[in-house]
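Hi there,

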Amino acid sequence: MPELLASSSSKDFTGLRVRQAAAMLLVFGTSYFAVWTSPGGDGVSQWWVASAIGACAMVASPRSHAWWLFTGVVVLTGAGNVLGGREPISAPGLALANGVESYVIARMLTLNWSGPARLRSWLDLRRYVVVMALASVVPALMALLLSVTALDRSFSVVAAWVFINHFGCNLVLMLLVTSRPPAPAVSRTEVVAHIALMAGVTAISHAPDNTRTGAFLMTAGAVWAAARFPLRWVVLELMVLGGLITWFAQRGVGPFEVLSVDSTLVTVLGGMQSFMATSVLIGLIFATGLSLERERGLAMVAQQREVEAATVAALHLERAANRRMHSMDQAKNEMISTISHELRTPLSSIVGYVEVLQDSIDLPGHDRADMLARVSRNADRLLSLAENVLLVSAIDERVWAPDKRLIDLRDCLQAAQDAAVVPEGRSDLRVDIQVPQHPLHVHADQQEIERVILNFVSNAIKFSPGAGTVRVRLATVDAMARISVQDSGLGIGPEDQQRIFERFFRSSLARQHAVPGTGLGLSIARSIAEAHGGTTGFTSTEGKGSTFWIDLPLAVVPQP
Ligand code: ADP
């Protein structure tokens, strides 16, 4: 019934009404049954669940439904009282008391419908017990009034009996609509053991000639259930137990068989209702304590896990920072050694040739020209190194930007054809540049695109120690213009391919074969491509060769 009733959205409005109507039917049925089976018919009934069912319906319904449910409880408990056999004179008063009781429970338990009924802390438990007790005082006072004025009974006994009866029923049934922390996972063995214990204790305490023995063990069982099992099971067990005990008591069997309207207060307090109320109260106290303890434990574990996760994350960060520092340090060392090497080699060669030229005035003309050509080549190499270093620092400081214009990429290929020089003595190596017939326009800085092509071509030449052909092509690939340079040289080992565009990175093959270079060309090529909205890429197989390319967005050229 709890979640079944707990719904107020317009979507399942019909479902809510049906469930409310079912609850009202139960209110009538249980009140009729309780009066009908009571000793003497007109006396106080033994097990009054009607107002608790009405309160459940109110708690699980929106506030606006409270008044019609209140009216339902009043009318239906009144009818149940009269039809069950109670004097018509006392029925309206008792019915009104039932309505007020249900309303008080619903209103106070939901704090005036501002939230769901909860049992999640000691404060909630205190409120729960106080609300049930206060609400149960209402029918007790009404019974007192009626017994003094109309029925002429011993008022203290009747009022106490009614109070405890209602208090016990409310404590049990309102658990159905009260939210509690989830029960722990229990094993099937525990459930079977519990049912066996309850059945055994009930059987023993209701054995012929046995009066009180065993009743208190039932309390222990109820505590066990309240602490370990889901609420619905607990309520079901208590209701079954209550029904059984009532049935036995009415037949004069078991620990509560002495109950009757004329019993003394002591008998009543030791009776069935006080047994149920005590069992539930103790059960709830234990259950609340245990679930709070469990929640605290879970929160501590969660907190511990968070701390552990944070520590691990901090450790990872520190390790990453260390790794970064280490690799920056390595890169710096590599850069210093590469640049010094790249400076020293052409410089010493220039110095050497100049000294020879100075010392040997009578050198034949062609030797002199050859030496001067070598000096000039080395000076060019120095100049290009200086240019690259300057360009890299300009890119880093974001002071460099390409001077974009509408260009025909065929012009860049043409320029590369003129500039690409195969070193002397490498007649086995050919550079094959194919310029397409149709123009391919892009918005780009022509000088920079030429720099990229020349870098690809000079790498292809440098890394092709044997005979072969370097092929330069221009084509359209996926709406981009692609300039590719293919060689059949050393290629790049798989372990180096990830880092090939990193600044100052040189492959292990480049080092092994002592191929000169700084590791700046490709990183510059990538920066140039990105500044044009393009990309760079390559494929390479060690020992078979590589293909490097640059892709640039095609320009839309208006038709003449
Ligand atoms: P550099 O050629 O001056 O060393 P790059 O940045 O142009 O610098 O190239 C970086 C590295 O990439 C080279 O040292 C080389 O290891 C590798 N590489 C570039 N192009 C090729 C190629 N065509 N074949 C093999 N390896 C290449």
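A polar contact here is a pair of N or O atoms within 3.5 Å. Please keep in mind that this is a predicted model.

**The ligand site**

A backbone N or O atom of L522 lies 2.7 Å from one of the ligand's oxygen atoms. On its own the ligand has 530 Å² of accessible area, and the protein covers 98% of it.

Which elements give two or more residues to the shell around the ligand? They are helix 15 (446–462), helix 18 (521–531) and strand 7 (545–553). Helix 15 gives the most, with four residues. In total, 21 residues surround the ligand, and the closest are N459, K462, D487, S507 and L522. Sorted by class, this shell has nine nonpolar, nine polar and three charged residues.

Rolling a probe the size of a water molecule over the atoms shows where empty space is left. In this model the count comes to two cavities of 30 Å³ or more. I looked at the second largest cavity, which holds about 40 Å³ of space. Its lining is made up of L175, A222, A226, V234, L238, S279, V280, G283 and L284. Helix 9 (215–228), helix 10 (231–250) and helix 12 (272–359) each supply at least two of the lining residues, and helix 12 gives the most, with four. By class, the lining has seven nonpolar residues, two polar ones and no charged ones.

**Buried residues worth a look**

Helix 12 comes up again with E342, which lies in that helix. Is E342 buried or exposed? At a relative accessible area of 7%, E342 is under the 20% limit and therefore counts as buried. The side chain of E342 is joined to that of R381 by a polar contact of 3.4 Å.

A polar atom of the D124 side chain lies 2.8 Å from the backbone nitrogen of R120.

P184 sits in the loop between helix 7 (155–173) and helix 8 (188–205). Its relative accessible area is 18%, so P184 is buried too. P184 and P230 are 46 residues apart in sequence, while their C-alpha atoms are 8.3 Å apart in space.

**Two positive phi angles**

Most residues other than glycine have a negative phi. D478 is not a glycine, yet has a positive phi of about 50°. D478 is found in the loop between strand 4 (468–477) and strand 5 (480–486), and is exposed, with a relative accessible area of 71%.

A514, also not a glycine, has a positive phi of about 50°. Its place is in the loop between helix 17 (508–512) and helix 18. With a relative accessible area of 62%, A514 is exposed.

Best wishes

Note on methods:
Residues are numbered from 1 along each chain as its sequence is written. This is a predicted model: local features need pLDDT of at least 70, side-chain atom pairs count only at pLDDT 80 or more; totals for chains, interfaces and linings use all residues. Side-chain values use heavy atoms; hydrogens and water are left out. On a 1 Å grid over the protein atoms alone, a cavity is a set of points where a 1.4 Å probe fits but cannot get out, and a pocket is an open set with protein on both sides within 12 Å along at least five of seven lines; lining residues have an atom within 4 Å of a point. Grid points are joined across faces, edges and corners, and a volume is the space filled by probe spheres set on the points. Ala, Val, Leu, Ile, Met, Phe, Trp, Tyr, Cys and Pro count as nonpolar, Asp, Glu, Lys and Arg as charged, and the others, Gly among them, as polar. A residue is near a molecule or strand if one of its heavy atoms lies within 4 Å of it. A polar contact is a pair of N or O atoms within 3.5 Å; within protein, one must be able to donate a hydrogen and the other to accept it, and residues adjacent in sequence count only if both atoms are side-chain atoms. Accessible areas come from the Shrake-Rupley method with a 1.4 Å probe; for residues, only the protein chains shown count as cover. Buried means under 20% relative accessible area, exposed over 50%, partly exposed in between (1.4 Å probe, protein chains only).
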